[in-house]
Amino acid sequence: MSELETQIASLADKSLLLLDDDQALRTRLGRALESRGFEVTLAASLSEAMEALRQKLPAFAVLDMRLEDGNGLKIVETIRDRREDARIVMLTGYGAIATAVAAVKAGAVDYLQKPADADDVVKALLSSGEAPEPPENPMSADRVRWEHIQRVFELCDQNVSETARRLGMHRRTLQRILAKRAPR
């Protein structure tokens, strides 16, 4: 039995809500978490997650940030309002510093980019709050610039004209940058 499985076995409440609108990921990650000892409840939308929370407040949650019917941060706030000891991890396919900060401010203990390995999710759920090791390969200057642009874009409520004005660049230049994938 691994150290993580031992930690899970010692938990009094193993309930976990998994919210993701990607059916394949939700099913695969749900099975992996169940095999590690969690009691998983699956939800595909905000409404399904809210219904699951009416039934039982989980001790753990793994939530997708962007959903077809809204934002997973609403579920973070709902859980935090009713159960302060819950451990919540946010997943996203659109990683940006601004959204990571918003997730942590809302009450998430960690923020992982998709595709996330089940072991990484479990480690994040069970982390004790210690500072993580610094990355071996820090972000490139291009990536830092891209993250800054994304943060300002989020702060401007995704208004391209306002973001371009604040960054001192032409609106079309900003649109081209936003249309590209994030640099490594």
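The legends below describe an overview and several close-up views of a predicted model.

**Figure 1. Overview of the protein chain.** Residues are numbered from 1 along each chain as its sequence is written, and side-chain values use heavy atoms, with hydrogens and water left out. Because the model is predicted, local features need pLDDT of at least 70 and side-chain atom pairs count only at pLDDT 80 or more, whereas totals for chains, interfaces and linings use all residues. The protein chain has nine helices and seven strands (DSSP runs numbered from the N terminus: helices are H or I with at least four residues, strands are E with at least two). Of its 184 residues, 42% count as buried (buried is under 20% relative accessible area, exposed is over 50%, and partly exposed is in between, with a 1.4 Å probe and protein chains only). The chain exposes about 10900 Å², of which carbon and sulfur atoms supply 47% (Shrake-Rupley method with a 1.4 Å probe; for residues, only the protein chains shown count as cover). Among contacts between residues at least 6 apart in sequence, 63% join residues at least 24 apart (contact means heavy atoms within 4.5 Å).

Figure 2. About 520 Å³ of space lies in the largest pocket. A pocket is defined on a 1 Å grid over the protein atoms alone, as an open set of points where a 1.4 Å probe fits, with protein on both sides within 12 Å along at least five of seven lines; lining residues have an atom within 4 Å of a point. Grid points are joined across faces, edges and corners, and the volume is the space filled by probe spheres set on the points. The lining comprises 21 residues, of which Gly93, Gln113, Trp146, Arg181 and Ala182 lie nearest the centre of the pocket. Helices α7 (141-155) and α9 (171-179) each supply at least two lining residues, and α7 gives the most, with five. By class, the lining has eight nonpolar, six polar and seven charged residues (Ala, Val, Leu, Ile, Met, Phe, Trp, Tyr, Cys and Pro count as nonpolar, Asp, Glu, Lys and Arg as charged, and the others, Gly among them, as polar).

**Figure 3. The nonpolar cores.** In soluble globular proteins, nonpolar side chains tend to be buried together. The largest nonpolar core has 24 residues, of which Leu17, Leu19, Leu63, Ile75 and Met90 touch the most other members (a nonpolar core is a set of buried Ala, Val, Leu, Ile, Met, Phe, Trp, Tyr and Cys residues joined through side-chain atoms within 4.5 Å). At least two residues of this core come from each of β1 (15-19), α3 (46-55), β3 (60-64), α4 (73-82), β6 (87-92) and α5 (97-106). A second, separate core of 20 residues includes Phe38, Val62, Ala118 and Val121.

Figure 4. Ala61 lies in β3 and is buried, with a relative accessible area of 0%. Residues up to four places away in sequence aside, Ala61 touches Leu17, Ile79, Arg87, Ile88, Val89 and Leu125. Ala61 and Ala86 are 25 residues apart in sequence, and their C-alpha atoms are 7.5 Å apart in space.

Figure 5. Met65 lies in the loop between β3 and β4 (66-67) and is buried, at 3% relative accessible area. Beyond neighbours within four places in sequence, the contacts of Met65 include Gly70, Leu73, Met90, Thr99 and Tyr111. The C-alpha atoms of Met65 and Ile75, ten residues apart along the chain, are separated by 9.7 Å. Thr78, found in helix α4, is also buried, with a relative accessible area of 16%. With neighbours within four places in sequence left aside, Thr78 is in contact with Met50 and Leu53.

**Figure 6. The loops on either side of α8.** Asp157 is placed in the loop between α7 and α8 (160-167); its phi is near 55 degrees, a positive value in a residue other than glycine. Asp157 is exposed, with a relative accessible area of 70%. Gln158 is found in the loop between α7 and α8 and has a positive phi of about 60 degrees although it is not a glycine. Gln158 is partly exposed, at 42% relative accessible area. His170 is in the loop between α8 and α9 and counts as exposed at 51% relative accessibility.
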